[in-house]
Amino acid sequence: MSEIRTKVQFVDIDDDMAGQRIDNFLRNQLKNIPKSVVYRIVRKGEVRVNKKRVKAEYKLQAGDSVRIPPVTLEEKQEDTPISTKLNKVAELESQIIYEDDHLLILNKPSGIAVHGGSGLKFGAIEALRALRPQASVFSS
């Protein structure tokens, strides 16, 4: 995986930004950075306002100078499509009991998740999408 690294930023707060909490300000400035990372850099004291550490509840005032530290974020790679040649996917084809234009009945084998998530790359739904790419029923 490749990484994205932002640069150190110095932002002077004007009247429009005054009154905003520092955590909300940072979430707005660092759009693609997860909220947990924003709170971590504040908690560790990497974010400075007027060269001092602040807590997440700090409200910005006009004239404040905010130092936003560099942040490293791993770039997610695009998901590769599920191959119809995988053993589990191919076995699923033989477990289809009935199929027409509106209905598919599947005898889902034990040990296969219904759908991917929480660390699983795919489940029965994703496998069926790979087996039937033209079917609109499985599109999300």
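**Close-up views of a predicted model**

**View 1. The loop between E3 and E4.** Lys51 sits in the loop that links E3 and E4. The model shown here and in every view below is predicted. Lys51 has a phi near 65 degrees, a positive value in a residue other than glycine. Its relative accessibility is 77%, so Lys51 counts as exposed. Asn50 is found in the loop between E3 and E4 as well. Phi of Asn50 is near 55 degrees, again positive in a residue other than glycine. Most residues other than glycine have a negative phi. Asn50 is partly exposed, with a relative accessible area of 37%.

**View 2. The open sheet of 4 strands.** The strands follow the order E2-E5-E3-E4 and pair in the antiparallel sense. Strand E2 (9-12) and strand E4 (52-53) stand at the edges. Each of these two has a single partner strand, so one side of each lacks a neighbour in the sheet. E2 pairs with strand E5 (residues 65-68) over 4 bridges, antiparallel. Two residue pairs can be picked out between these strands. Val66 of E5 is the bridge partner of Val11. Ile68 of E5 is the bridge partner of Gln9. E3 and E5 are joined by 2 bridges and run antiparallel. Here Arg48 has Arg67 of E5 as its bridge partner.

**View 3. The two faces of E5.** Side chains alternate along E5. Val66 and Ile68 point to one face and are buried. Helix H1 (residues 22-29) lies across E2, strand E3 (48-49) and E5. H1 runs at about 55 degrees to E5.

**View 4. The largest nonpolar core.** This core has 19 residues. Ile22, Phe25, Leu26 and Val66 have the most contacts inside it. H1, helix H2 (35-43) and E5 are the elements that give two or more residues to this core. H2 gives the most, with 4 residues. In soluble globular proteins, nonpolar side chains tend to be buried together. Follow Leu26 for a local picture. Leu26 touches Val38, Val42, Val47 and Ile68, leaving aside residues up to four places away in sequence. A second, separate core has 8 residues, including Leu92, Ile96, Ile112 and Leu131.

**View 5. Pro34 between two helices.** Pro34 lies in the loop between H1 and H2. Pro34 is partly exposed, with a relative accessible area of 34%. Leu73 is 39 residues away from Pro34 along the chain. The C-alpha atoms of Pro34 and Leu73 are separated by 9.0 Å.

**View 6. Helix H3 packed on helix H4.** Two packed helices are described by the angle between their axes and the distance between the axes. H3 (residues 87-94) and H4 (residues 124-131) pack at about 80 degrees, with their axes 10 Å apart. That angle makes H3 roughly perpendicular to H4. H3 makes the contact with Val89, Leu92 and Glu93. H4 makes the contact with Ala124, Ala127, Leu128 and Leu131. The residues of this contact divide into 6 nonpolar, no polar and 1 charged.

**View 7. The surroundings of H4.** H4 is mostly covered, with 6 of its 8 residues buried. The buried residues are Ala124, Glu126, Ala127, Leu128, Ala130 and Leu131. They pack against H3, strand E7 (96-99) and strand E8 (104-106). Leu131 is also one of the residues in the second, separate core.

**View 8. The E7 and E8 hairpin.** E7 and E8 form a hairpin with 4 residues between them. The two strands run antiparallel and are joined by 3 bridges. Glu99 stands opposite Leu104 in E8. Buried residues of H4 pack against both E7 and E8.

Methods
Residues are numbered from 1 along each chain as its sequence is written. This is a predicted model: local features need pLDDT of at least 70, side-chain atom pairs count only at pLDDT 80 or more; totals for chains, interfaces and linings use all residues. Side-chain values use heavy atoms; hydrogens and water are left out. Axes are lines fitted to C-alpha atoms, for helices over the stretch in contact, and angles run from 0 to 180 degrees between N-to-C directions. Angles under 35 degrees count as roughly parallel, over 145 as roughly antiparallel, 65 to 115 as roughly perpendicular and the rest as oblique. Contact means heavy atoms within 4.5 Å. Ala, Val, Leu, Ile, Met, Phe, Trp, Tyr, Cys and Pro count as nonpolar, Asp, Glu, Lys and Arg as charged, and the others, Gly among them, as polar. Two strands pair if DSSP finds at least two bridges between them. Buried means under 20% relative accessible area, exposed over 50%, partly exposed in between (1.4 Å probe, protein chains only). A nonpolar core is a set of buried Ala, Val, Leu, Ile, Met, Phe, Trp, Tyr and Cys residues joined through side-chain atoms within 4.5 Å.
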